[in-house]
Structures are given as structure tokens and as C-alpha cells.
Amino acid sequence: MGQTFAQKVIARHAGRVTVLAGEIVFLKPDLLLSHDNTAAIIGKISNELAQYGVFDPNRHIIVLDHVVPAADEKSAINHARIREYVKQFHIPHFYDVGQGVCHQIMMEKGHVQPGLLILGSDSHTCTYGAANAFATGIDRTEAAALILTGETWLKVPQTIKIELSGRLAPNVTAKDLVLSIIGDLGADGANYYSVEYHGKVGALSMDDRMTIANMGVEMGAKNSVFPFDKVTQDYLVRNKTGLELFETVWADADCEYSHSFTYDMRTQVPVVAMPHKVDKVVPVSIVEGQKIDQCLIGTCTNGRLADFAQAASILKGKKVAPTCRLLLLPASRTVLQQALDSGIMQTLIDAGGILLPPGCGPCLGAHQGVLAPGEVCLSTSNRNFKGRMGCADAEIFLASPLTVATSALYGEIRDPRNERSDKT
Amino acid sequence: MKVWRYGDDVNTDMLFPGRYTYTCSTVEEIIPHLLEDLDPEFAANVCSGDILLAGSNFGCGSSREQPALGLKAVGIQAVIAKSFARIFYRAAINQGLFLIECPEAVDAYSDGADINIDFQGVIRINDVPYTFPPLPDEIRTIRQAGGLLPYIRRKLEKERGQ
């Protein structure tokens, strides 16, 4: 019997030839990611840090992104404590305020490589499966333990196979595809599972794969992963990585899957996730006309150049409805620079967009675009839970950048297939 | 002893709103906001020894650990659910909060029923037993140490000395 992707990566890191699904193994992950929550993490182990130090400073990557620039004194103190820790323990991979969202940074700066096992104290750590890594979220306490010992336990997951065919139609995006999958499988449809994408993945760009892998946790997945191919190779080379030695990993043809699903990309349509659940997914056409007060394009789910380019193709030469605010949240400084250089950002600002600094911004409701009671937001982010954007009496719909850009023009949800776009 | 009952997909924002995630990290700061957007009665009225009963996918969403920390701190004796989201499940182990996955018990319970947990693996509802599998040995060791950090402290002391 062959091994799945998850079995192979976990076995390799546990110093084993094979592992069985359901088995608990102890292993040392290659990398640990933490963000603004680093302050709380190191606060738990200040005595132990003084006594034992950091297990391996090279493995701890820190990105300040959640509340940046600091929204209040408390956040500012947290950031200051983290900078102190970085200095004291000589943490080489530290990205201060303004560099971008941790997941984008991990990919862009080449920390993510095929076959690595990466844990992060953020649920969307699963994004790195786009580059053929095994990556999953953990809590702060576990991150604290990893800083000290470099070791933790993992239960070997069973695996779900999703076979893709065809190619997405114009105005239908990877976001629509993954929302549809979540709608079908449910918010816990992949709970505890590893999710492997097979088939016509070559039709998806790295930005697309990151969007899909990022949303894995919204169906409960432990990790979600794509095979290594030319798209991955080109991405790694472009980011000046892939020059080091790494070993790509993929499932054996004869391995065992708990469930298999097939998706024909040709038949996908633009969809939205309705408040307050990510798996409450319907075609956009069902909710056309729903009034919206705020639109958000960006985040670690859809804040990359291709996402802004899609939005600009809709908004070029037009104006956002006066009743609607359009927030633009690039996933990183590099994305922002690219969007500026290519004129895409100017197009979006001319249309009425409000540019926010690269980071998590309003996605988690701490600052920058908090909603008022009764308000409705249409967002390209990954969660629409009640209260997510700072107000329990507001509503959040999730959609693709094309759907959000189109809807921003009218101040109500609209199907992007009916809007004439201007390819920039 | 009160049983607090909720439905499916109780997410981390319901258990502890994201707007407080980066300003509240101690249990004193966390407790007043526990379940704030789900059940405003909870934080003020929960007592040590109470039980939380829920449907499937309890704790889905963010990796924030305030829910597990807070529920342990107020003395919830166990969360019984049909299933748990994985990061929350790990967080609970790490905090020493007892989680029991037992769909049959969740379905069998009705308001006011007599409920009793034998942590060796049985929930009794009006004297009808519902069994749940024991934790794997590796995980039980962490629990018995009082959570992950006490476990790690002990391990470090043993390996590297004082």
C-alpha cells in the first residue's frame, strides 16, 4: 500500500520509513511561524527562555501583521516586546510592521519550500501547501513549547483527494472554486483530514493555489496541498529560492484515500458565502441586489497582484458607488509595489478605493474598517463569522475579487459575468 | 452544576471575539469576554464544574487559544461535543481542558437530565451509559502533567538539568 503526501512528509520528519494514519508521532518541524501573538507566546515562557534559550533561532520566523501599524498602546507594547525578543535571541528572520501578511511573506521570501513541515500559530498556515509543503496551524502554547524544544506531536491524518478537471471560465476564479468545495463538503467536511489536489492543477496559477490552500482550514482541513510542477518551480525561482536543495513529495498512486471528490472547473460559477458561515455558499445570482456598505479586496486569501489586476479590469475608468466604501489591502509590500509599478493601484484609487497598509487590517476586526451594527460588508477574505469584522450585528459576505469589484460599483451584490470589463 | 448547550459550528469568534485577541491574553482579561457574541449570560453565570455541550465542529476557525484557556480557567469540567475542530482540540489538550467527542451523548441529553462524567470513559445521562474512547497514551501524559507547558518544563529539567 502506497503512502499519502501527509504520511510521507510526517514519516520523513519523524525519522521513519512509513507511518500509519491515526498514529501519533513526535517530530521536529522545519519552521515555526508566529506573528503579533509572539508577545503572548514568549510571555508564557520568559523564565524558561532565560534559562534554556531558543531551541533554534533560525527556525522561528516572525512577521508583525495583525494589528499594524499598532492601533493602540497595548498593541504597540506587544510589538516592542517582540522586537526585544528578536534582538536578545538573535532571530534572523524577523519582518517588522509594513512588510505584509505572514503567509504571503513566508511564500514570497522563500521560507516555504516543497517537502518542508511547517507549523504556525495562525490557522491559515495551511496556505503553504500551494508550494508543496505540509503546513498547519497550532495554538500559542504549542508555539511556546516549540520555541524551547523544537519538537511536538502530530497525529497522522487520513486524506481526502480532490481531482480537478477542465479550466475555469472567464470571470470565475479560484475563490469561487474553493468556496464551492467548502459549500459542498461543509465547514467540518475535512476536519482532521489532509486534502490533496490532483488532476488539472496546471490550469491554476500560484496565486490561485494559495487562495485555495489558504481556505483549507475553512473546511476543517489539517493541511491542503498541491503537487510540485512547473508553476511551483517558476514561482520558487522568481522568488530566488529553489536554489537550495529540496525534495518534492507527492502521494503514491496506490495510496488510500478516505474520500475522493471530482470538480470540473468548467462548470463553476461565481458564488458568495452568506453570513455567518463560510459553508453557506450560493451562486452570486441568488443574492444579486443585496445592499452593501463596505467592500474589502485583499488579505492573505485574495490580496495578491492577480487579485488587484482582476479588480482593476472591472473598475478602470469607473467609480465606486457613493454609498459604498472600497478598502484595498495588499498582502505584502512587494504586492503593493507591483500594483503601483503596473498602474493597477492607481486605477483602483481613481475608482475610489482606500488603500490600507499591507497586513491583516480589517479582516479580524481589530481596526481599520470596523463595521457598524446593521452594516453589510462584501469581502475577499476567508471568514464571515458573526463579529469577525469587529461588530456582532454586522453581516459579512465572502466572494472573489471580481465579484467584490463589480458589486462596489453598484453598492449592491452583482454578478461579475454581467459587467463589461476592461482588461488592463 | 449547569449544562450550557449550543449547536453546530460554534466558532472561535463566538467563543472569544477577534476584536480582543491582541489585547487580552491573561485569564483575568479573557474571562469577561468568553462566549460574548454567542451567549451574553455565560461569562457572568458560569460556575466551576459546569459542562458545555455542543454539536459538531466545536471551536472551528482561528488558532486563538483564549477559548480553551478561558473555559479551563472558569472550571468547565468538560466540553462534550459531536466533534471538535482540530486546532481547538490541540489547544484544549495543551491547556488541560477536558474534551469528549461523543455524538450519542449529545443527542441523548435533554434539558434537566442528570449527567455524570466518569473520566475513565463513560458519560451517564439519567443512568444510561455512553462510552467514549480514552485519550492516546502520549496525549494523556501531557494532560496528566497539567498541560503542555508543565510537561515541557519537566522534560527540559530532566534533559538539561537545572
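Mentor: Contact means heavy atoms within 4.5 Å. Helices are DSSP runs of H or I, at least four residues, numbered from the N terminus. This is a predicted model: local features need pLDDT of at least 70, side-chain atom pairs count only at 80 or more, and totals for chains, interfaces and linings use all residues. Residues are numbered from 1 along each chain, chains are lettered from A, and side-chain values use heavy atoms, without hydrogens and water.

Trainee: Which residues of H12(A) and H15(A) meet?

Mentor: From H12(A), A:Asp307, A:Gln310, A:Ala311, A:Ser313, A:Ile314 and A:Leu315. They meet A:Pro401, A:Leu402, A:Ala405, A:Thr406 and A:Leu409 in H15(A).

Trainee: What angle and axis distance describe the packing of H12 and H15 of chain A?

Mentor: About 30°, with the axes 8 Å apart. Axes are lines fitted to C-alpha atoms over the stretch in contact, and angles run from 0 to 180 degrees between N-to-C directions.

Trainee: Why is B:Glu29 with A:Lys74 called a salt bridge?

Mentor: The rule wants a side-chain nitrogen of Lys or Arg within 4 Å of a carboxyl oxygen of Asp or Glu. The closest N and O atoms here are 2.7 Å apart, so the pair qualifies. Across the interface of chain B and chain A, the rule finds seven salt bridges.

Trainee: How much area do chain B and chain A bury between them?

Mentor: About 4200 Å², 52% of it on carbon and sulfur atoms. Buried area is the accessible area (1.4 Å probe) lost on being put together, summed over both parts. In chain B, B:Tyr22, B:Arg86 and B:Arg90 lose the most to chain A, together 21% of what that side buries.

Terms used: Buried area = accessible area lost by both parts, 1.4 Å probe. Helix = DSSP H or I, 4+ residues; strand = E, 2+ residues; numbered from the N terminus.
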